[in-house]
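The sequence and structure are shown first.

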Amino acid sequence: MGLFKQLKDMRNVVEAAPAMISEARALQQQAIQAQAAGGFGPGYGGGVAGYGNVAVPQPADVPPGDPRLTPIEGVGLELYARASKAAATRGLDEAGMARYAATLGVDPATWPAAVAGWNARMRGDMQLATHFGRLYQEAQV
């Protein structure tokens, strides 16, 4: 690209900068107002989790007794979250994760089916996946 073309492009960017800054400030104000208003309405747990200056709606918690929380191969979602966190923090591979799950009372032979089952159940279910994320954050390993 020629020097004159680069200078022209740079000039165009500089000329557009004030409008982009103004638009960014307006979006920031909208996000602040939405967060101050207390959320995005029903179905999002009545709250908003802040992510920087952007308000992010959070799905409602999965209620106890929900059939999606039925254990898979004897592994409940809370135990799966705990074992997943142990694997991440300790650098465990699949075999190491199965050994860790065995210390929690899980049959290592059924562990791979439980992992596959929970991953499949959470796929496409944002509410369940968010619930798992909360359990993962709270897990003590």
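With which residue does Arg-68 form a salt bridge, and how far apart are the closest N and O atoms? The partner is Asp-66, and the closest N and O atoms of the pair are 2.9 Å apart. The model is a predicted one, and a search of the whole structure finds 3 salt bridges.

**Salt bridges**

| Salt bridge | N to O distance |
|---|---|
| Arg-134 and Asp-61 | 2.3 Å |
| Arg-68 and Asp-66 | 2.9 Å |
| Arg-68 and Asp-125 | 2.9 Å |

Arg-68 also forms a salt bridge with Asp-125. Asp-125 lies in the loop between α4 (111–122) and α5, while Arg-68 belongs to the loop between β2 and α2, so this pair ties together parts that are 57 residues apart in sequence.

Arg-68 has a relative accessible area of 22% and is partly exposed. Asp-66 has a relative accessibility of 15%, and because the cut-off for buried is under 20%, Asp-66 counts as buried. Asp-125 likewise counts as buried, at 15% relative accessibility.

The side chains of Arg-134 and Asp-61 meet in a salt bridge, with an N to O distance of 2.3 Å. This pair links distant parts of the chain, 73 residues apart: Arg-134 is in helix α5 (residues 126–138), and Asp-61 is in the loop between β2 (54–57) and α2 (77–90). Arg-134 is partly exposed, with a relative accessible area of 28%. Asp-61 is also partly exposed, and its relative accessible area is 49%.

**Packing of α4 and α5**

Two packed helices are described by the angle between their axes and by the distance between those axes. How are α4 and α5 arranged, in terms of angle and axis distance? The two helices pack at an angle of about 125 degrees, and their axes are 8 Å apart. Angles over 145 degrees count as roughly antiparallel and those from 65 to 115 as roughly perpendicular, so α4 is oblique to α5.

From α4, the contact is made by Trp-118, Arg-121 and Met-122; from α5, by Leu-128, Ala-129 and Phe-132. By residue class, the contact of α4 with α5 comprises 5 nonpolar residues, no polar residues and 1 charged residue.

How values were computed
Residues are numbered from 1 along each chain as its sequence is written. This is a predicted model: local features need pLDDT of at least 70, side-chain atom pairs count only at pLDDT 80 or more; totals for chains, interfaces and linings use all residues. Side-chain values use heavy atoms; hydrogens and water are left out. A salt bridge is a side-chain nitrogen of Lys or Arg within 4 Å of a carboxyl oxygen of Asp or Glu. Helices (H or I, at least four residues) and strands (E, at least two) are DSSP runs, numbered from the N terminus. Buried means under 20% relative accessible area, exposed over 50%, partly exposed in between (1.4 Å probe, protein chains only). Axes are lines fitted to C-alpha atoms, for helices over the stretch in contact, and angles run from 0 to 180 degrees between N-to-C directions. Angles under 35 degrees count as roughly parallel, over 145 as roughly antiparallel, 65 to 115 as roughly perpendicular and the rest as oblique. Contact means heavy atoms within 4.5 Å. Ala, Val, Leu, Ile, Met, Phe, Trp, Tyr, Cys and Pro count as nonpolar, Asp, Glu, Lys and Arg as charged, and the others, Gly among them, as polar.
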